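Welcome! Take a moment to look over the sequence and turn the model around on your screen. The notes below will walk you through it part by part.

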Amino acid sequence: MSKLSRRQLITAGVVTAAGAGGLAVAAKIAGRYGLVPPDSGGIYGPGETLTYAAQRLLTRHSMAREFPRGQISAEPLMNEVAPLGEDFQRLQKAGFADWRLGVDGMVARPGSFSLSELQSFPRRSHITMIQCEEGWSYIAEWTGVPLWHVLELAGASPQATHVVYRSIQPDWWESMDMADALHPQTLLAHEMNGGELPVGFGGPLRMRVTRQLGYKSLKYVTSLTVTNNIKQFGKGLGSSEPEGGYSWYAGI
Amino acid sequence: MAQTARLRHSVLVRVTHWLTTIAFVALLVTGLELVVSHPRFYWGETGNVNTEPLFKIPIPSSRHLVPTGYGYMLPDQNGWSRYLHFQSAWLLVLTGLVYVGLGLSRGHFRRELFPTRSDLSATRLMSSIAEHLRFRRPSAEEAWSYNVLQRLAYLVVLFVGFPLIIWTGLAMSPSFVSAVPAAVNVLGGQQSARTLHFFLTGALVLFLLVHVFMIFLAGFWSRLRAMITGRAIELAENGRTGAREERA
């Protein structure tokens, strides 16, 4: 083995220091521009952060592919859902007339919207693919009120960084950054394929996030919280998925 | 012993070789785990248990949504498998960029991998194929360069296999294809991309098996040592080769 010369040692030291400093600066810049996901800790943090940062630089405003009507799946798959509790069944018996969506957090006008109010708001439809993390998929037409419209009505703060959304199923909650929350395709969907959204597919109200895997399209949505401190929810990982071992950002 | 050590493999080749090995093994193991959650493959944009598959892998599944004919389920490990799959993909891509970038600037490909014009003549190719088919153990001098079939195989894996498997992987990403829809459209759809990704895995695993087999044929410990320390067996003056070859 050749001995390391003083010059080589100094060079190696300078390179190492520059590398460490560069990483620290990169992490700081990434944090400021919202390029670090809430589940960035742990051994898979580097990969998750690279993926999320790269996607946010590349796809902040991109649109999920929309398909012609002829490509709507004849047999969409109704995924299994955990048994729906008494609260849900009571609301279902009344035809979901009393279903409400609560909105709070960093909004000028906290409150709630009834399902019929949401249905009366301007609607958007898109024919898009939903992909399960398991590998299967289908294409359907989704109709609903764009989330940005609801956020605008509630007077969401421009300082907000995330929107937390919760299911009537206990322990199921999600969040997304503002790039997805204000994205024109992100809907509070109440119709599917031109009819009422079936319960099996998340009816009466499902969050439809087009550029991420199916688990971000949370079923049975009952409340939204607008925030600039996503770490304060749950275990601080951004949603219930990372608590169960799955990544928060599901755009891959 | 003031012998100047000739290196068979540069630091660049050795470090990127083993980082790629780590990434590949992690991608393979986690990829197979992900397949277990839906061991059915489709062609086109969409597919699920209500649609006719292109083919099924006759194994049990980790999810009871999938009718497999088995009365039991395999453990579901998709959470960490997904995290590790994508982290390993980053390791593979970044390692590949360093290898290709530095390799080009240092003439690694020209020197080690691009076959010469005479290598590519029909007679030379045929004789190389014939030698391989006889499973002939390569001579000591051959430890210092790659033969023409080896060069072609490595080039195909590096510049066809890896780019295609990365492309088909990205074509499954709902966010990536929102920015680059052509990446999935030209493959015939998202499920086609998944199926192609699976076949490409098979092709790379086949390469790996042949690669490891050839290393055994050539002398496992000497080739392994060359890829770790950079040193190949020296042809010593006394005519003995690989004095340190005997295993402890």
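Predicted model: local features only at pLDDT ≥ 70, side-chain atom pairs only at ≥ 80, totals over all residues.

## Where the chains meet

Two residues are in contact if their C-beta atoms, placed from the backbone, lie within 7 Å. Chain A brings 36 residues to the contact, and chain B brings 30 residues.

Which elements of chain A give two or more residues to the side that touches chain B? They are helix 2 (45-59), strand 3 (124-131) and strand 4 (137-146) of chain A. Helix 2 of chain A gives the most, with eight residues. Sorted by class, this side of chain A holds 14 nonpolar, 15 polar and seven charged residues.

## The sheet of chain A

Now turn to chain A itself. Five of its strands form an open sheet, in the order 2-1-10-5-6, and the pairing is mixed. At the edges you will find strand 2 (111-114) and strand 6 (173-177) of chain A, each of which pairs on one side only. From one strand to the next, the twist averages 20°.

Let us follow the pairs across the sheet. Strand 1 (residues 100-105) of chain A runs antiparallel to strand 2 of chain A, and four bridges join them. In this pair, L101(A) stands opposite F113(A) of strand 2. A hairpin leads from strand 1 of chain A to strand 2 of chain A through five residues.

Strand 1 of chain A also pairs with strand 10 of chain A, this time in the parallel sense and over four bridges. Here G105(A) has V226(A), in strand 10 of chain A, as its bridge partner. Strand 10 (residues 221-227) of chain A is joined in turn to strand 5 (residues 162-167) of chain A by six bridges, and these two strands run antiparallel. To find this pairing on the model, look for H162(A), which stands opposite T227(A) in strand 10 of chain A.

## Chain B as a whole

How many helices and strands does chain B have? There are eight helices and two strands. Starting at the N terminus, the elements of chain B follow the order α-β-β-α-α-α-α-α-α-α.

Along its principal axes, the C-alpha trace of chain B spans about 70 × 40 × 35 Å. Of the 248 residues in chain B, 26% count as buried. Among the contacts in chain B with a separation of 6 or more, 63% come from residues 24 or more positions apart.

## Two helices that cross in chain B

Helix 1 (residues 11-36) of chain B and helix 8 of chain B have axes that come within 13 Å and cross at roughly 140°. Because of that angle, helix 1 of chain B counts as oblique to helix 8 of chain B. The crossing of these two helices is left-handed.

## A closer look at M214(B)

Why does M214(B) count as partly exposed? The reason is that M214(B) has 16 C-beta neighbours inside 10 Å, whereas a buried residue needs 20 or more and an exposed one has 12 or fewer.

M214(B) and T68(B) are 146 residues apart along the chain, and their C-alpha atoms are separated by 37 Å.

Key. Residues numbered from 1 in each chain as written. Chains lettered and ligands numbered in written order. Nonpolar A, V, L, I, M, F, W, Y, C, P; charged D, E, K, R; others polar. Pairing = 2+ DSSP bridges. Axes fitted to C-alpha atoms, helices over the stretch in contact; angles between N-to-C directions. Parallel < 35°, antiparallel > 145°, perpendicular 65-115°, else oblique. Left-handed = near helix turned anticlockwise from the far one by under 90°.
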